[in-house]
Amino acid sequence: MRSYQDMVFSTAVRLTANPAQAEDISQEVFLRAYESFDNVRSSPKAGGWLKTVATNLTLNYLTRHRKRWRLFSEVFSDDSRDQDLESAADSAAAVFDTALTELEADERRERVEKALERLPEHQRVPLVLYHYEEMPYQDIADRLGVSLAKIKTDILRGRVAMAGLLAQSGLGAPDDRRRNPPATRGTQS
Amino acid sequence: MTSRDQTDEKLERLVSQVLRDQPLRRAPASLENRVLGELAARARLPWWRRGVASWPAAVRIPVIAGCAICVPLVWIASLWLAARLVSITRSRMAGPLTTLRDAGQTFASLRAVTTHLIQSIPHEWLVGGIIASATVYAVLFALVAVGYSLLYPRPDYSKVHLT
């Protein structure tokens, strides 16, 4: 259990953005693993099995709030790709490309985690499924019961929003940083 | 490939790289104790409060066999109950149904008597009666009209002045 508990917990917490709920889900995953202990113990794919169960249980948990989730997705997601999103995507790429890599590993991890947690659910869930779980767009759309176009838009908006949240946390695009250089760590109050 | 697509692909690649480089979140220290505690609590449960799969074979096999026998028995009992319910309902409804049937027979008898009476009267009598009734009605109507005009004379509107 100790070998896999961080992986299971990470899978759940990235999707729910709620450590308490993620702990409940992780507990249920391991209880199920103990029920199938003979199969899981001897399987070389025990890690994959646990990850799949963790993902499915978390999505089942989120599906209970599915109507609300879909409503938010419909209300806040726009199929049209306006000019603002195009320019925002450029700035977002700059944040991820340059500014983020300049941070220490611990600080980068903390900021990325916080930005991910602050994303709205209708953007965070497909973003996590796509980038962490490596699910194709169509599978995500099927699993969440949302149209393919909306999933693509939500994921793109999620990336841009995440860059915006990182920028808000004091991490700007290179151009912004040149115009408004951040205070050095020693002078921060 | 358009510049829009290139931007999207670049952003996707960068986000993927950043997110996949993220280390795993550390699970709370309480998780292991919670799981082990729950397992211990489940182990303390008596066998009949656990899943059937974990019951002793000496119990599980007779229970499954008993369930298999119970299924047709439940079907038979359901059919017997349904038949009993139908017969009870019929007996309970017998009284009101008899009253309704008697009322229907009474109305049918009345209709038969009326039809018989009408058919027993000669045709000429019926025509003559209808003509006589119409004549008496017309004469009485004329008398009432004449009497009304004599007893209640119409006012002379020419003498009324409009103010």
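In this predicted model, 28 residues of chain A are in contact with 24 residues of chain B. On the chain A side, the elements that contribute two or more residues to this surface are α1, α2, α6 (83-99), α7 (105-118) and α10 (148-168). Of these, α6(A) gives the most, with seven residues. Sorted by class, the side of chain A that touches chain B holds 15 nonpolar, five polar and eight charged residues.

The two partners may now be described in turn. Chain A contains 11 helices and zero strands, and its pattern along the sequence is accordingly written α-α-α-α-α-α-α-α-α-α-α. Chain B also lacks strands: its secondary structure comes to four helices and zero strands, in the order α-α-α-α. Burial can be stated for each chain as well. Buried residues make up 35% of the 189 residues in chain A, whereas in chain B they make up 5% of 163 residues. Within chain A, consider the contacts between residues at least 6 apart in sequence; 74% of these join residues at least 24 apart.

How do individual helices of chain A pack against one another? Two packed helices are described by the angle between their axes and the distance between the axes. The pair α1(A) and α2(A) provides an example, with an angle of about 135° and axes 8 Å apart. Angles over 145 degrees would count as roughly antiparallel, and those from 65 to 115 as roughly perpendicular; α1(A) and α2(A) are therefore oblique to each other. Their crossing is right-handed.

The residues that form this contact can be located in the structure. From α1(A) come A:Gln5, A:Val8, A:Phe9, A:Ala12, A:Val13 and A:Thr16, and they meet A:Pro19, A:Gln21, A:Ala22, A:Glu23, A:Ile25, A:Ser26 and A:Val29 of α2(A). By class, the contact consists of eight nonpolar, four polar and one charged residues.

Helix α2(A) also packs against α4(A). The axes of these two helices come within 9 Å and cross at roughly 130°, which makes α2(A) oblique to α4(A). This crossing, too, is right-handed. On the α2(A) side the contact involves A:Gln21, A:Ile25, A:Ser26, A:Glu28, A:Val29, A:Arg32 and A:Ala33; on the α4(A) side it involves A:Leu50, A:Val53, A:Ala54, A:Leu57, A:Thr58 and A:Tyr61. These residues divide into eight nonpolar, three polar and two charged. A:Gln21, A:Ile25, A:Ser26 and A:Val29 of α2(A) take part in the contact with α1(A) and also in the contact with α4(A).

Which residues of α4(A) are buried? They are A:Leu50, A:Val53, A:Ala54, A:Thr55, A:Leu57 and A:Thr58. These buried residues pack against α1 (5-16) and α2 (19-35) of chain A.

Helix α1(A) packs with α2(A), and the buried residues of α4(A) pack against both α1 and α2 of chain A. Helices α1 and α2 are also among the elements of chain A that give two or more residues to the side touching chain B.

Note on methods:
Residues numbered from 1 in each chain as written. Chains lettered and ligands numbered in written order. Predicted model: local features only at pLDDT ≥ 70, side-chain atom pairs only at ≥ 80, totals over all residues. Buried ≥ 20, exposed ≤ 12 C-beta atoms within 10 Å, placed from the backbone. Contact = placed C-beta atoms within 7 Å. Nonpolar A, V, L, I, M, F, W, Y, C, P; charged D, E, K, R; others polar. Axes fitted to C-alpha atoms, helices over the stretch in contact; angles between N-to-C directions. Parallel < 35°, antiparallel > 145°, perpendicular 65-115°, else oblique. Left-handed = near helix turned anticlockwise from the far one by under 90°.
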